[in-house]
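Student: I would like to learn how to read charged pairs and packed helices in a model. Could we take them one at a time?

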Amino acid sequence: MTETDLARRRLIMGTALLATVGFSELYTPRRSAAPLSDKKFDALFPTKLARWQYLSASGLILPPQDQLSRTLYEQLLTRVYSAADAAAVMLVLAYSSVQEGRLQVHRPEVCYPAAGFRILSNEVKYVPLGQGRMLPARFLVAEREDRRECIIYWTRVGDALPTRWRDQRIAMAKSNLQGYIPDGLLGRASIISMDAAAAWEELVSFINALLDTAPVAGRRLLIGTI
């Protein structure tokens, strides 16, 4: 092989290598949201929501707080809101600016059984938000001894609002193929009640109050662009 042939081969190999690097850089997913500090995240969600007032941060069902679970999210907001004419509403918001499936640990199907609850029902329902808009969510009833808790929760991955774990993974994959890593949030509101129908109506009112009261950035974190 002549020197000219070797030079040509080196040129071809070098060009191919540069093209591979360039392709890799082009299609490496970039994060779509910047991390939020605890203070900024908490400030997005008011302590007074219509007739509900922030009461405390205790009494909620959460995953075991071991070292592993503390690495699974960037922000975790836990609040109990009270109203003079209704039972207290428990709110959990788990957020990550880089969504890689880490919010799975906060799904009620996971953390409630881990706390000794039985899931009595689990169905997809849509929370009406007014003007024809609907929030895809799941409505669960969980029971432990003499405590029955009714739960609405939803997940947001980028602008998608998947109601199943499989769909959540698909939404993440689609975002990656489009060149970015989405942020993600799991929102959960629950109430202790033996009347599932009444609890659903109360929780729908609370979620609407939360969305109506939150600033634009908070609403965007909660439900995306719907």
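Tutor: Side chains of opposite charge can pair when their charged atoms come close. Here Arg51 forms a salt bridge with Glu202, their closest N and O atoms lying 2.9 Å apart, where a salt bridge is a side-chain nitrogen of Lys or Arg within 4 Å of a carboxyl oxygen of Asp or Glu. Because Arg51 lies in the loop between E2 and E3 and Glu202 in helix H5, the pair ties together parts that are 151 residues apart in sequence. This is a predicted model, in which local features need pLDDT of at least 70 and side-chain atom pairs count only at pLDDT 80 or more, while totals for chains, interfaces and linings use all residues. Residues are numbered from 1 along each chain as its sequence is written, and side-chain values use heavy atoms, leaving out hydrogens and water.

Student: With which other residue does Arg51 form a salt bridge?

Tutor: Asp85 forms a salt bridge with Arg51, with 2.7 Å between the closest N and O atoms, and shared partners join Arg51, Asp85 and Glu202 into one network.

Student: Is Glu202 buried or exposed?

Tutor: Glu202 counts as buried at 14% relative accessibility, since buried means under 20% relative accessible area, exposed over 50% and partly exposed in between, with a 1.4 Å probe and protein chains only. Asp85 is exposed at 58%, and Arg51 is partly exposed at 34%.

Student: How are two packed helices described?

Tutor: They are described by the angle between their axes and the distance between the axes. Helix H5 (residues 196–213) and helix H6 (residues 216–223) pack at about 135 degrees, with axes 7 Å apart.

Methods
Axes fitted to C-alpha atoms, helices over the stretch in contact; angles between N-to-C directions. Helix = DSSP H or I, 4+ residues; strand = E, 2+ residues; numbered from the N terminus.
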